[in-house]
Amino acid sequence: MSDLSEASSSGNTAILLAAGCMTMLMTPALGFFYGGLVRRKNGLHMIMQCFGILVVTNVVWALLGYGLAFGDSKGRFIGGSDYFVLRNIDEKPCAYGPSTISNAAFFFFQLCACAFASALIIGSSAERFGLLPSLLFSCIWALIVYSPVCHWVFHEDGWLKDLGTRDFAGGITIHVSAGFSAVALSLVIGDRRAPKGPADQFAAHNTSYTLLGAALLWFGWLGLSAGAAFSASGRASLAVANPCTCLLYTSPSPRDLSTSRMPSSACKKKKKKK
């Protein structure tokens, strides 16, 4: 296999690296998004969970996850040990992805997507999951759920790919797998519970955090969409343009912003009325 300079496009590699950085930003952005939606005492905890997941999934993906997702297929269901512990992650053209980008660039982009998918689930366990359990859950989920699903959908020998499945920007690997996993996790750990208090005791404590997180998620979403094209092309441009039309569907309504106040503020108002 020839060197990257002979067989790849520097423009395609550059856009993939930039898209990976934007995608990585989505994981801490989730921390602010979720952190603003919970009670004040749990806001920082949600942010730390997302930052912690970003760290541990990076390690898990580098050690085992990437190999299980994109290594030589074993029965069309799981990858082999080709890329375990960063083996064969170099400057050469990508073996299982587009030949115009390097193995290292493709690895980095997929790593960022894995971290975001793992953090996406944590919103279903808000205020009920400790930091260490959430990190352990994310590591296990990345290995036994996300990596195999990636192999099924993205690898040339994956069984879903053979059936004609096409997934652009992780609709199946990220959102479907994380969504069903979030439902399962919430059913297992149960509802949020708190001592008796005001009716709005679970109201969002800081909508500014939530809006900041939403803005950063939108920014990162553009990178995830563009990077999924794996090239500096018209397809990438279209993938960036389409999410911009979704602003009206993702923006909070004026009523949401006007009714989201801190529980402590509500208690003070009630006391003053008395």
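## Notebook: a predicted, mostly helical chain

I began at Ala 169, which I find buried, with a relative accessible area of 18%; since the cut-off for buried is under 20%, Ala 169 falls inside that class. This residue sits in the loop between helix 6 (159–162) and helix 7, and its phi is near 65°, a positive value in a residue other than glycine. I noted this because most residues other than glycine have a negative phi.

I keep in mind throughout that the model is predicted.

**Confidence and overall make-up.** I looked up the mean pLDDT of the protein, which is 83, with 82% of the residues reaching 70 or more. Over residues 260–274 the pLDDT is below 50, and in the model this stretch has 16 contacts beyond near neighbours in sequence. I count 12 helices and 2 strands in the secondary structure, and from the N terminus the elements run α-α-α-β-β-α-α-α-α-α-α-α-α-α. Of the 274 residues, 44% count as buried. Among contacts with a separation of 6 or more, 71% come from residues 24 or more positions apart.

Val 85 belongs to the loop between strand 2 (78–79) and helix 4.

**Helix 7.** From the loop that holds Ala 169 I moved on to helix 7, which has 19 residues and reaches 26 Å from its first C-alpha to its last, close to the 27 Å expected at 1.5 Å a residue. Its buried residues are Thr 173, Ile 174, Ser 177, Ala 178, Ser 181, Ala 182 and Leu 185. Seen down the axis, the buried residues of helix 7 fall within an arc of 140°, so they line one face of the helix. On the face turned away from the buried side, helix 7 carries the exposed residues Phe 180 and Leu 187. Just after the helix, Gly 190 takes a positive phi of about 85°.

**The largest nonpolar core.** I next looked up the largest nonpolar core, which has 45 residues, and the members that touch the most other members are Leu 30, Trp 61, Tyr 66, Phe 106, Tyr 146 and Ile 174. The elements giving two or more residues to this core are helix 2 (10–37), helix 3 (40–70), helix 4 (103–120), helix 5 (131–154), helix 7 (171–189) and helix 8 (207–227). Helix 4 gives the most, with 11 residues.

**Around Tyr 146 and helix 4.** Leaving out residues up to four places away in sequence, I find Tyr 146 touching Trp 61, Gln 110, Ala 113, Cys 114, Ala 117, Trp 141, Thr 173 and Ile 174. I followed Gln 110, which lies in helix 4 and counts as buried at 5% relative accessibility. Beyond its neighbours within four places in sequence, Gln 110 is in contact with Trp 61, Phe 70, Tyr 146 and Phe 230. Leu 111, also placed in helix 4, counts as buried at 6% relative accessibility. With residues up to four places away not counted, Leu 111 touches Met 24, Asn 58 and Trp 61.

In helix 5 I looked up Pro 148, which is buried, with a relative accessible area of 9%. Apart from neighbours within four places in sequence, Pro 148 is in contact with Phe 77, Ile 78 and Leu 143. From C-alpha to C-alpha, Pro 148 and Gly 79 are 7.7 Å apart in space and 69 residues apart in sequence. The other proline I checked is Pro 28, where helix 2 bends by about 30°. Helix 2 has 28 residues and reaches 41 Å from its first C-alpha to its last, close to the 40 Å expected at 1.5 Å a residue.

Terms used. Residues numbered from 1 in each chain as written. Predicted model: local features only at pLDDT ≥ 70, side-chain atom pairs only at ≥ 80, totals over all residues. Heavy atoms only, no water. Core = buried A, V, L, I, M, F, W, Y, C linked by side-chain atoms within 4.5 Å. Buried < 20%, exposed > 50% of the residue type's maximum accessible area, 1.4 Å probe, protein only. Helix = DSSP H or I, 4+ residues; strand = E, 2+ residues; numbered from the N terminus. Contact = heavy atoms within 4.5 Å. Expected span 1.5 Å × (residues − 1). Arc of directions from axis to C-beta. pLDDT = per-residue confidence, 0-100. Bend = angle between axes of the 7 residues up to and from the residue.
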